[in-house]
Amino acid sequence: MLGAGDRGAARATWLGTGLLGLFLLPVSLSLEVSVGKANTIYAVNSTEILLPCTFSSCFGFRDLGFWWSYNGSDTFKILINGTVKNEKSDPRVHLKTDDRITLVGSTKEKMNNISILLRDVDFSDTGKYTCYVKNPKEKDLQHHATIFLQVVDKLEEVDNTVTLIILAVVGGVIGLLIFILLLKKLITFILKKTQEKNALLSSLTLQEGVPCEFLRK
């Protein structure tokens, strides 16, 4: 049985846990930045590539700041930066250090998209691209997300032969199981009807006294 001191300690623990949860709840619902599910994307030399970035905030935003940075093997630079006044405004670019870059995102209709398009990519463009967002409405809370760009001569074709074989085998097994189940149901149905017919013949035989051999003819 808990004493008074133990009960007081338990109350304090529960109170501390509850206050910590209340403190962490706004953080869990605050600013988030995403560059998609893929950690690495590939682009063929001399083509263009979209570098995705979206953000979200349950508290809304005002005069939100954003910027993209590039971090290569021996280079770090800011590619573009800008601001978004509010949810009804499109992003406004203040600085762009590479003419090949175009901001293609929109923050209207809750899209919150600040993606950039990089044209005429070169092997030297291989590296980490980081999207930063800072929200003054959340006491200048700042988040970022990073994606790695790999520039190649050509995209390798994925050999799906093994995958197709596996899918064909699995599909064949599933088809065979379905056929067995249908066949089982058909046999069960035939046996049931045969039993009903035999039961009916037996009933008529008992009622009319007619030999079974005669009825079966």
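A residue counts as buried when its relative accessible area is under 20%. The legends below use this cut-off for a predicted model.

**Figure 1. Overview of the predicted protein, with three helices and eleven strands.** From the N terminus on, the elements run α-β-β-β-β-β-β-β-β-β-β-β-α-α. Of the 217 residues in the protein, 26% are buried. The accessible surface comes to about 15600 Å², and carbon and sulfur atoms account for 61% of this surface. Among contacts with a separation of 6 or more, 52% are between residues 24 or more positions apart.

**Figure 2. Confidence along the chain and the stretch of residues 14–28.** The average pLDDT of the protein is 82, and 78% of the residues score at least 70. Over residues 14–28 the pLDDT is below 50. Beyond near neighbours in sequence, this stretch has one contact in the model.

**Figure 3. The disulfide between C53 and C131.** The sulfur atoms of C53 and C131 are 2.0 Å apart, and the count for the protein comes to one disulfide. The torsion about the S-S bond is about -75°, so the disulfide is left-handed. C53 lies in the loop between β3 (49–51) and β4 (54–56), whereas C131 lies in strand β10 (residues 127–135), so the pair ties together parts that are 78 residues apart in sequence. C53 counts as buried because its relative accessibility is 0%. C131 also has 0% relative accessibility and therefore counts as buried. C58, in contrast, counts as exposed, with a relative accessibility of 59%.

Figure 4. Leaving aside neighbours within four places in sequence, C131 is in contact with V33, V35, C53, W67, W68, I114, H143, H144 and A145. C131 and N81 are 50 residues apart in sequence, and their C-alpha atoms are 9.8 Å apart in space.

**Figure 5. S115 in the loop between β8 (101–103) and β9 (116–118).** Is S115 buried or exposed? The relative accessibility of S115 is 4%, which is under the 20% cut-off, so S115 counts as buried. The side chain of S115 makes a polar contact with the side chain of N113, at 2.6 Å. Apart from neighbours within four places in sequence, S115 is in contact with L50, L51, P52, C53, T102, L103, V104 and G105. One of these residues, C53, is also a partner in the disulfide with C131.

**Figure 6. The largest nonpolar core, with 30 residues.** Which residues have the most contacts inside this core? They are F55, W68, I114, Y129, V133 and L149. At least two residues of the core are supplied by each of β2 (40–44), β3, β5 (64–71), β6 (76–84), β8, β9, β10 and β11 (141–152).

**Figure 7. Contacts of Y129, one of the core residues with the most contacts inside the core.** Not counting residues up to four places away in sequence, Y129 touches L51, W68, S69, Y70, L79, L118, A145, T146, I147 and L149. Among them, W68 and L149 are also listed with Y129 for having the most contacts inside the core.

Technical notes. Residues are numbered from 1 along each chain as its sequence is written. This is a predicted model: local features need pLDDT of at least 70, side-chain atom pairs count only at pLDDT 80 or more; totals for chains, interfaces and linings use all residues. Side-chain values use heavy atoms; hydrogens and water are left out. A disulfide is a pair of cysteine sulfur atoms within 2.5 Å. Helices (H or I, at least four residues) and strands (E, at least two) are DSSP runs, numbered from the N terminus. Buried means under 20% relative accessible area, exposed over 50%, partly exposed in between (1.4 Å probe, protein chains only). A polar contact is a pair of N or O atoms within 3.5 Å; within protein, one must be able to donate a hydrogen and the other to accept it, and residues adjacent in sequence count only if both atoms are side-chain atoms. Contact means heavy atoms within 4.5 Å. Accessible areas come from the Shrake-Rupley method with a 1.4 Å probe; for residues, only the protein chains shown count as cover. pLDDT is the predictor's confidence in each residue, from 0 to 100. A nonpolar core is a set of buried Ala, Val, Leu, Ile, Met, Phe, Trp, Tyr and Cys residues joined through side-chain atoms within 4.5 Å.
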